[in-house]
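Here are my notes from going through the model, as numbered points. Have a look at the structure first, then read on.

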Amino acid sequence: MDIIVVEGMHDEARIKAVFPNASCIITNGREISQDTIDCIKELSRKNTIIIFTDPDSPGEKIRSIIFEAVPEAKHAFLRKKDCISRNHKKVGIEHASSDAIIEALSRVLSDNGGKQTITQRDLFVLGLTGSQNSAVLRNKISDILNIGEPNGKTFLKRLNMLGLSRKEVEELLCRVR
């Protein structure tokens, strides 16, 4: 069974509005307790854990904490633009459309066992790390791939999760320039 890890009860309610039989665990935002982490670890023994946090800095931090505890967890991502509140002041799963949630949960990523298809050096040579415009370029590519807005190190991990080659990243780079 899949268990979706979300940040709050409103996120869980939104998921259940789209998938009424979904099983969710709430982290209570960045205040994730050791008990919650231990519960997720225990559940991961017999279930697939899908980390589905908000596309913002706290969401990335929570994702990182959970992934460190459960490295076999899968990842679902929403684009920031797909989950902005009506008043444009908040970002979160609770504000996403049903279609955006369905798309995100149909495209989960998992670790590819540490297999590297692209390296940190490749990212540097391509200008995706180490230059003034790197973050902007990474965010544009991340938006196309729907993998959040990661920093350079996390971007590399997610590209490798997708199994993208340097050539494929170069093609994406051409599209965003």
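1. Let's start with a helix pair. R14, I15 and V18 in α1 meet S98, I101, I102 and L105 in α4, where contact means heavy atoms within 4.5 Å. Helices (H or I, at least four residues) and strands (E, at least two) are DSSP runs, numbered from the N terminus. The residues of this α1–α4 contact split into 5 nonpolar, 1 polar and 1 charged; Ala, Val, Leu, Ile, Met, Phe, Trp, Tyr, Cys and Pro count as nonpolar, Asp, Glu, Lys and Arg as charged, and the others, Gly among them, as polar.

2. Before going further, the ground rules. This is a predicted model, with local features needing pLDDT of at least 70 and side-chain atom pairs counting only at pLDDT 80 or more, while totals for chains, interfaces and linings use all residues. Residues are numbered from 1 along each chain as its sequence is written, and side-chain values use heavy atoms, with hydrogens and water left out.

3. Back to the geometry. The axes of α1 (residues 9-18) and α4 (residues 98-106) come within 10 Å and cross at roughly 90°, which makes α1 roughly perpendicular to α4. Axes here are lines fitted to C-alpha atoms, for helices over the stretch in contact, and angles run from 0 to 180 degrees between N-to-C directions. The label "roughly perpendicular" covers 65 to 115 degrees, with under 35 roughly parallel, over 145 roughly antiparallel and the rest oblique.

4. L105 is buried at 17% relative accessible area; the cut-offs are under 20% for buried, over 50% for exposed and partly exposed in between (1.4 Å probe, protein chains only). Leaving out residues up to four places away in sequence, L105 touches I4, I15, F19, I50, F52 and A76. By contrast, L105 and H88 are 17 residues apart along the chain, with 24 Å between their C-alpha atoms.

5. Where does the largest nonpolar core have its most contacts? The residues to look at are I49, L128, I141 and L159, in a core of 32 residues. A nonpolar core is a set of buried Ala, Val, Leu, Ile, Met, Phe, Trp, Tyr and Cys residues joined through side-chain atoms within 4.5 Å. At least two core residues come from each of β1 (2-6), α2 (34-44), β3 (48-51), α3 (57-69), α6 (134-145), α7 (152-162) and α8 (166-176). There is also a second, separate core of 17 residues, with A22, C83, I93 and A100 among them.

6. Not counting residues up to four places away in sequence, L128 touches L123, S134, L137, R138, I141, F155, V169 and L173.

7. Next, α6 against α8. Their axes are 10 Å apart and the packing angle is about 105°, so α6 and α8 are roughly perpendicular to each other. On the α6 side the residues are L137, K140, I141, I144 and L145, and they meet L172, L173, R175 and V176 in α8. The tally is 7 nonpolar, no polar and 2 charged.

8. Helix α7 has G152, F155, L156, R158, L159, N160 and M161 buried. Those buried residues pack against α3, β4 (74-75), α5 (120-125), α6 and α8. N151 caps the N-terminal end, with a side-chain oxygen 3.3 Å from the backbone nitrogen of K153. After α7 comes G163, with a positive phi near 75°.

9. Most residues other than glycine have a negative phi. N28, in the loop between β2 (23-26) and α2, has a positive phi near 65° and is exposed at 54%. N146, in the loop between α6 and α7, has a positive phi near 60° but is buried at 7%.

10. Finally, P55. This residue is in the loop between β3 and α3 and is buried, at 9% relative accessible area. Beyond four places in sequence, P55 touches L78, R79, K80, C83 and V91. P55 and R138 are 83 residues apart in sequence, and their C-alpha atoms are 15 Å apart in space.

Conventions: Polar contact = N/O pair within 3.5 Å; in protein donor to acceptor, adjacent residues only side chain to side chain.
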